[in-house]
Amino acid sequence: MEVFEAQSFFDCPTPLFSDIFKNAEHVWDVIPLIPAYVSEHIRPGLHGFIEEGAWVEEGNVQLDPGSRIERGAIVRGPAIIGSNTIVRSGAYIRGHVMIGSGCIIGNSTEIRQIILMDKSALPHKNDVFTSVIGSNVNLGGMACTANYRLDGKEITIHINVNDEPKKINTGLVHFGAIIGDRTQIGGQCMLQPGTIIGRGCKIHPMSLVSGYMPAESVYGERAAIHKYKG
């Protein structure tokens, strides 16, 4: 469906980000491709600054100029970290990640198998897995993605088409979230498996989010359970 093509969510600032979507019918089709794509495009080399007390897997990490790994952070590869990005103390990068320029990976944040595009921030205690996040996106403190159903079944996407409910099978059992460019997510939000969020959305703090949210949506109330039905 056209609504779920990558260009509906991302401007993709460089070919490094855009090329992975070339043959993807749906934006989530790239999730299982991330490990191989990172391994193919990584150019290992530590050209940024690594503080004493940080651990970085040499030979399996690309750290571009102007970036900094603070003491106490752990970076496992394969990992591509763009220029002028900060990985703060206590962060844990578990591999198969592609991080753009000007990003923040914050204290006690854990990430694995994600794409994070330019000028986006996971700044405080964020757990984000098997997800694609656009440019200029911010997750508030303790906002996280879940990527696996409790029953272990395939993750499906539920939307309305011409006021009729429709279910789309993703073929994935591990799938966190798609978050479009310029979206802002408040603190302590939980994104359920297979959450799809369009460009320029605003999600209030302490929201439980699932399903598909069109671009420019404003969503959620504090301490309540929600599902955007479109």
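Three bridges join strand β10 (residues 97-99) to strand β12, and the two run parallel. Strands here are DSSP runs of E with at least two residues, helices are DSSP runs of H or I with at least four, and both are numbered from the N terminus; two strands pair if DSSP finds at least two bridges between them. This is a predicted model, in which local features need pLDDT of at least 70 and side-chain atom pairs count only at pLDDT 80 or more, while totals for chains, interfaces and linings use all residues. Residues are numbered from 1 along each chain as its sequence is written, and side-chain values use heavy atoms, with hydrogens and water left out.

Strand β14 (residues 127-133) runs parallel to β12 and is joined to β12 by six bridges; Ser-131 in β14 is the bridge partner of Ile-114. Five of the seven residues of β12 (residues 110-116) are buried, so the strand is largely enclosed by the rest of the structure. Buried means under 20% relative accessible area, exposed over 50%, and partly exposed in between, with a 1.4 Å probe and protein chains only.

Side chains of opposite charge can pair when their charged atoms come close. A salt bridge is counted when a side-chain nitrogen of Lys or Arg lies within 4 Å of a carboxyl oxygen of Asp or Glu. The whole structure holds seven salt bridges; the table gives three of them.

| Salt bridge | N to O distance |
|---|---|
| Arg-199 and Asp-11 | 2.9 Å |
| Glu-110 and Arg-94 | 2.9 Å |
| Asp-151 and Arg-149 | 2.6 Å |

The salt bridge between Arg-199 and Asp-11 links distant parts of the chain, 188 residues apart: Arg-199 is in the loop between β22 (195-197) and β23 (202-203), and Asp-11 in the segment before α1 (15-18). Arg-199 is buried, at 14% relative accessible area, whereas Asp-11 is exposed at 55%. Asp-181 joins Asp-11 and Arg-199 in a network of salt bridges.

Glu-110 forms its salt bridge with Arg-94. Glu-110 lies in strand β12 and Arg-94 in the loop between β9 and β10, so the pair ties together parts that are 16 residues apart in sequence. Glu-110 is partly exposed at 22% relative accessibility, as is Arg-94 at 34%. In the pair of Asp-151 and Arg-149, Asp-151 is partly exposed at 43% and Arg-149 is partly exposed at 30%.

The largest pocket holds about 180 Å³ of space. Of its 11 lining residues, Thr-156, His-158, Pro-193, Ser-210 and Gly-211 are the closest to its centre. A pocket is an open set of points on a 1 Å grid over the protein atoms alone, where a 1.4 Å probe fits, with protein on both sides within 12 Å along at least five of seven lines; lining residues have an atom within 4 Å of a point. Its volume is the space filled by probe spheres set on the points, which are joined across faces, edges and corners. The lining has three nonpolar, six polar and two charged residues, where Ala, Val, Leu, Ile, Met, Phe, Trp, Tyr, Cys and Pro count as nonpolar, Asp, Glu, Lys and Arg as charged, and the others, Gly among them, as polar.

Overall, the chain has two helices and 27 strands. Of its 230 residues, 50% count as buried. The C-alpha trace spans about 55 × 40 × 30 Å along its principal axes.
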